[in-house]
Amino acid sequence: MLETIGLDAELGRAVAGWAAATDASVGRVVRVDRGLVSVLTEDGIRRASVGGGLLRLMAHDPTEGPCTGDWCLLRTWPDHRTTLERLLPRRTVVTRATAGRQSRAQVLCSNIDITALVVALHPLPVLSKVERLVALAWESGARPLVVLTKSDLVTDADQVADDVAAATPGVDVAVVSTRTGDGVDGVRKRLEGRLTMALLGTSGHGKSSLVNALVGAETLATRTIREDGRGRHTSVRRELVPLPGGGAVIDTPGLRGVGLVEAELGLEMTFGDVQRFAALCRFGDCAHQGEPGCEVVRAVQAGELSSRRFESWLHLQRELRSAASRTDARLRAERTLESGRRIRAAKPPRARPDLKEPP
Ligand SMILES: Nc1nc2c(ncn2[C@@H]2O[C@H](COP(=O)(O)OP(=O)(O)O)[C@@H](O)[C@H]2O)c(=O)[nH]1
Ligand SMILES: [Mg+2]
Ligand SMILES: [Zn+2]
C-alpha cells in the first residue's frame, strides 16, 4: 500500500535499522490537526500524538514539526497510545511566509514530486499571479505544473494555455474541466510512477473538484453552504489522498496571499529572461528606474521584453527584499535573546535525528 504512494527502496533503507531496533512502524502523514497527526500505515490510518523528542526540536524550530506528506516513524506504547517519533528527511517542501509581520517560513506540505498550480480559465487568469505561483513552486524543489481548470466555461482555452506557457518557460501546462471530465486523465497520467502532487492556488479555482475527479469519488467537501444561504467553498485542511491507480494528491486550503521566502531561485527560473537583461545594466545596483545604461528599460523600449513582465518582476523583487529585511530583523532580535541565554546555559548542539544509527 505505502509503495503505491511513494515508499521506495531509499526510504525503506533509511528506516529499516531504526524501525527494527525500536519496533517502530513507518507511515505517511495525511493530515495534521493541531497536535494530532493522522498517519497512513500498512494497517490503515493511525492517529498519533507528537513524541517528546520531536516536540523539543519543534520548540526550537516549528518547521521540524510534522506536516502533510511527511514520511515518519510511529511507536505504539503498552497503553496503546501511538506517538510520532521521527520524521524522515524531506525530499521537497512547499513553504510560505506566515501571515503577519514576521516572515518566518511555514511548511505547507512535503515530499511532493509535482506542485500543481490550479488556476481557473474563467475569469481570465492574471498572468502575473500565475508567474508568482510558479516562482513559489520552483522553490519547493518539485516540478511545477500549471493546471488550467473550468475549460468548459471558455472557448479559447488553448489560446490562454499558450499565453500561460509563454509566461512560464519550461513549465508543463494542462487544461481540464472537472465538469466534462476533459483533461482529467492527462493529469492522472502525470502521476504515473506513484508520484505525489500538491494542489496550490487561490480558493474557488477548482482544487477540491480536481481531487474528486482524480479519485473518482466525492472525497473532499467541495462546498459548504453558509447560514445566510450564500455558497462558499472551503477546504480547511491540507489532506493527502491516495489515488486508486497509485500516486497521491494533497489538497491545500486556498492561499490568500502566497508569500515568498528565499525565492531567489524561483525568480531565476521564472524570470530568467528579465534577469539576463538586468545582469547587463551598467550599474550593479541598478533599480531600472531610468538610470543611464539600464539594459532592462532599453529592452522594454525596444520591444524585446514586455512591460507587463518587467512590472511583474519588479513587484516580486520588491516583495522579496522586504521579506528578507523582516527576516533579518527577526534574526537580529533572536541573536540578542540568544546571547543573553548563553550566559545561563550552554546550548547543546542541535542535531537532526540520524536515522541510520539505531539508538
Ligand atoms: N464549470 C466548472 N466549474 C467548476 C469546475 N471545477 C470546479 N468548479 C466549480 O468551482 C467552484 C469551486 O470549486 P472547488 O473545487 O471547491 O475549488 P477550490 O476552492 O479550489 O477547492 C465550485 O462551485 C465548483 O463546482 C469545472 O471544471 N467547471
Ligand atoms: Mg477546496
Ligand atoms: Zn537596469
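Helix 4 (residues 157-167) of this predicted model has the buried residues Ala157, Val160, Ala161, Val164 and Ala167. Because these residues cover an arc of only 125° around the axis, they lie on the same side of helix 4; the arc is that of the directions from the helix axis to the C-beta atoms. The exposed residues Asp158, Asp162 and Ala166 are carried by the face turned away from that buried side. Buried means under 20% relative accessible area and exposed over 50%, with partly exposed in between (1.4 Å probe, protein chains only). Helices (H or I, at least four residues) and strands (E, at least two) are DSSP runs, numbered from the N terminus.

In the order 1-2-3-5-4, 5 strands close into a barrel with mixed pairing. From one strand to the next, the twist averages 55°. Two strands pair if DSSP finds at least two bridges between them. Strand 2 and strand 3 form a hairpin with 2 residues between them.

In strand 3, Arg46 is the bridge partner of Val39. Helix 2 (residues 52-60) lies across strand 3 and strand 5 (82-87), and runs at about 60° to strand 3. Axes are lines fitted to C-alpha atoms, for helices over the stretch in contact (heavy atoms within 4.5 Å), and angles run from 0 to 180 degrees between N-to-C directions.

Residues are numbered from 1 along each chain as its sequence is written, and chains are lettered from A and ligands numbered from 1 in the order in which they are written. Local features need pLDDT of at least 70, side-chain atom pairs count only at pLDDT 80 or more, and totals for chains, interfaces and linings use all residues, while side-chain values use heavy atoms, with hydrogens and water left out.
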